[in-house]
Structures are given as C-alpha cells and as structure tokens.
Amino acid sequence: MDTNILFIFILAVYVGFEVISKVPSMLHTPLMSGTNAIHGIILFGGILVLADAATLLAQVLGFVAVVFGSANVFGGFMVTDRMLQMFKKKK
Amino acid sequence: MNPTFPLIIIGVAVLFINGIKFLSSPKTARKGNLVAAAGMLIAFIFLLKTDGSSVWSHGWSINYTLIVIATIIGLVIGATGAYSVKMTAMPQMVAMFNGLGGGAAALVASLEFIRGSHSDVGITAFIAGSMLFATLIGSLSFSGSAIAYLKLEGKFEKPMTFTGQNILNGLILLVILGLCVFLTVNASSTNATAAFIIMFSLALFFGVAMVMPIGGADMPVVISLLNSYGLAVAADGFAINNLAMVVAGTLVGSSGTLLTLLMCKAMNRPVTNVLFGAFGSSGSAAAAAGGVAGTVKPIQADEVALLLAYAQRVVVVPGYGMAVAQAQHSVRELSDELGKRGVEVQFAIHPVAGRMPGHMNVLLAEANVPYDQLIEMEAINPSMDRVDVCLVIGANDVVNPAAREDKSSPIYGMPIIDADHCKTVIVMKRSMAAGFAGIENHLFYKDNTRMLFGDAKASLNALVTAVKAS
C-alpha cells in the first residue's frame, strides 16, 4: 500500500475544511456547484477505464461513465460561471 | 514516467485549492471558478495511466473514438442544462450533476474492480476496499440524487414513510456492508462478480430508500450530503493511483460535509433527525393544534407604501415563497424605488432560506440586487431593533419567534431572523395557512405585525406604484 497517497488524502481533508469554511454563506450555491464541477474529474477515471476497455460490457459502461463525467464537469463549471457573473456590487 | 508529471499534478491541486479560496469573496469568485477549470484542463492533458504512462501516448483505437464521442455528448448535455436552467431550479441542476458524477464514480470503480478480480495478479485488500467504497457511495448518490431531483421538481414531495422503515433500511445497509467486507477479503473468488452485482443493486436501492422519507423542504441537507459523495471520487483516485482525483474528491467531500453540518445547525436538528426523522409528517400536527393567543391584523398596500416611503431603514426577509411567486424582480424594483428616496434597504438571508444553501442569494443576484445589500442572519440580527419596517416575503419558519420563546415548539432552538424586533413587521402572505412544518407562526399575532394578504408579486407591484406616487 502506498502510504504517500493516504498522507496526501489526510492533508487534503484539512486544507479542504480550511478553505471551504472561509466561503461566505452568500456564495454557498456557487460553492456547491463549483465543487461539484471539480469532482467531475471522475471524467478522467472514465477515460482511463474506457481507454483500456477489453470487453463490450466494459466499453458500454465506460462510455456511460464518460458521458456522465463529461456532463458533470462541463455543466458544473458553466453553471457556476453563469451564477457568479450575476453577483454585482452596487454601482 | 516523465519526472515532471508529479509536479504538474501538484500544480493542479494548487489550482483547485486556490479556485475555492477565491470563492471567499464575490469579487474574486468568478475568477476562482475559472482557475479551478484551468486546473481541470491541465489534469486532462497530463492524464496518466496506472503504470505512469500518458493516456494519450498509446496510439488511436476504437476506444479513443468512443471517448471523444462520449465527451462531446456529455458536453452538450452539460452545456444545455447549465445555460437553460432557471435559477429557481438550481437545486435540481446541482442534484442532477451530483447524480451523474456519482454514477460515473460507481461505474469506474465497478469496472476496475471486476477487471482486478479477474486478473491473475489479483488486487490488494486496500485497492479492493477503495473500489467498493467508491461503488457504494457513488451508486447510492446516483439514485439518491435522482429522487432528490424529482422531489425538488414537486413530485412526491411529501415524506414517504411506513412502520419499520428505519429498521428495513438498516438491514439493507448491513447486508451491503457485509457484502463489501466479503468482497474486500475474497476479491478474486468465483462468487465475487455475483456478490458485486448484488451489492451494486442494493446500493442503488438504498439511495432511493434513504431519500424517499425526507420531505421536500429538507432537500438542502440532502443535496449537501450527496455532495460529499466526492469522497467516492477520492476513493477511485486511490484505486487508479491518480493524485489529482484524490485531492479533488477530498475537497468536494469536505465541502459537502461542511455544508451538511451548517444546514443542520441552521435548522437546529442533528443530521440523524433530518435523515431518519421524516420531519413534516409526524409530530407537527400536534404543534399546529396548540394555537396562539391574539388576533391577526390585516393591512392594505397603500398604508404599507406610506410606512416604507417614510422609513429610514427597511429590511426584507425573503423566503422560498418569494421565488415561487417569481417576485424577486418586483422586490428589487421596490428596493430601488425606496433607495431613490434615501431609504436604506437590506436583505436578511437565513442560511436555510430557499431549497439549497445560498439559494436565495443567487435568486436576488439574478434580479440585480447588489450583493452588498445581502446580509447574513448573524450580521443583521443585532441591529434589527433599529429597523423601521421589516418586510417578510414568503418566509415563515425562519422568522417564527416560537423558536426563541416556545419550548414545546418543534423548531425551538433554531436560529431565526429577529423580524419581531423591528418597529413594524409586514408579512406578505397568500393566506393564513401554516408553513411547511405545519407550525403556527407567533410572529403573525404580535402587536407590531400587520398582514398584507395576496400574491407576493401582485402586492409588491402595488407597493412600487404606491411608493412612486407618495
């Protein structure tokens, strides 16, 4: 077992809590959709399994995983951007 | 392996973290989202296989054509959703993306698990465990998000409960966990695939069974909780040795967990109560029957307009009812009109107002309310007694003083916006029906409260006209 990766995981937990607790409640919806987009990184997991798919079943399921992941990552960043551009200061 | 690759992955992690960091202020937030997206693009270019070679250096095959097609389909679905969704429907959108990501995480883990269990070398218990965890969390958040989506759309919004439900759900969960333990130890046994399929199906079913008993207005908690499924992505990252995925998944997991806890704190209910309590179905009927002493005093729009026009400071407390009535543009018009007359207008936002964390802020931002007018509950409460008029639009439980005064109330102890401390409170309401939780609102019977009955949008438009005229 690679302990480095666990070490990174533990550090990421602390960093995650630290930066996220600084986000004001005003921006919690964009925070949620933005982090949502970040976990769309699962798209790459889908790409990796589809690239090596050897059976028809693996191809079909991998294909579905890539479609899901891609919708998640692109849609997530786009909808977050759309929301954030609406937040304006008083003129 | 190219030695610069690990450095690039560290860069990606830094971009993700900074992206979220920029979200701490609305000034830099948009940039933050783009920074995170840039991190994603870099992670894509430098995507590595488990053996450390670049995924793009293996020559073209049919699988790569499939990758391109699938990515484009996903892009079209995602973009269409992102640019067509109404801001009121944002919780559904987030639930959908959540579910899709969860489904992808479950599929990736399943494929890797089945491949690993059939390979000659086998898989270690640590890797098998991570994959099973990712499958479990991913699939239950897929089906759970689907149900949350439907509930937010207004389909079977009421909690669905039956006796022994929690026991049945507990048993299902036990079977799932038992299968996971079995598979972790016996990943290469001949029964592994069958056991795996049963586990996967039960996890999908469990997602449905878990969300069905939760009421529509508790969805903020459910969405936040399903957001923490990011941990499934992190577990996938362990399994395929992808550090960027571990960091990204963990960040998302923290955000989901943190928001879940915040939401529960704002409702003064433990997570377990939201998940297993089926709030809004039982118990609340008794509270509604209690009744409150005092009478309700109605008021007409032109009187309210006079109060507003000659006030110094006005605070608006918006609730989900405002969004339902599509009244956010009218409310901004009223606020602008009052602003022109020198009245200070602010919006007091309760953390659970709307159907997801921060939902109300997005709706008001869309209606062009400047964000410096949106004030959090804790920030505005200490100065509420210096407010001349408080306008409550479509909010109910979040301004109910019973949360402070009535120990027998189901919402006792929940932090509220102290609307009743203002000199005059105007409650805009369709009728005298009780709020979502079925709890009588003590605010309506206070001496300084006046009720403005009717559709919120129509009433606000009448107020705008009357304020202009006065």
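At what angle do helix α15 (residues 328–340) of chain B and helix α19 (residues 456–469) of chain B pack, and how far apart are their axes?

**View 1. Packing of α15(B) against α19(B) in the predicted model.** The two helices pack at an angle of about 20°, with their axes 9 Å apart (axes are lines fitted to C-alpha atoms over the stretch in contact, and angles run from 0 to 180 degrees between N-to-C directions; helices are DSSP runs of H or I with at least four residues, and strands are runs of E with at least two, numbered from the N terminus). That makes α15(B) roughly parallel to α19(B), a term for angles under 35 degrees. Residues of α15(B), including B:L334 and B:L338, meet residues of α19(B), among them B:L460 and B:V464 (contact: C-beta atoms, placed from the backbone, within 7 Å).

**View 2. The side of chain A that touches chain B.** The contact takes 74 residues from chain A and 87 residues from chain B. On the chain A side, α4(A) gives the most, with 26 residues.

**View 3. Strand β5 (residues 424–429) of chain B and its partners.** Five of the six residues of β5(B) are buried, so the strand is largely enclosed by the rest of the structure (buried: 20 or more other C-beta atoms within 10 Å of the residue's own, with C-beta atoms placed from the backbone). Strand β4 (residues 389–393) of chain B pairs with β5(B) in the parallel sense over five bridges (pairing needs at least two DSSP bridges), and B:V392 stands opposite B:V427. Strand β6 (residues 449–453) of chain B also runs parallel to β5(B), joined by five bridges, where B:K429 has B:F453 as its bridge partner.

Residues are numbered from 1 along each chain as its sequence is written, and chains are lettered from A and ligands numbered from 1 in the order in which they are written. In this predicted model, local features need pLDDT of at least 70 and side-chain atom pairs count only at pLDDT 80 or more, whereas totals for chains, interfaces and linings use all residues.

Note on methods:
Parallel < 35°, antiparallel > 145°, perpendicular 65-115°, else oblique. Contact = placed C-beta atoms within 7 Å. Buried ≥ 20, exposed ≤ 12 C-beta atoms within 10 Å, placed from the backbone.
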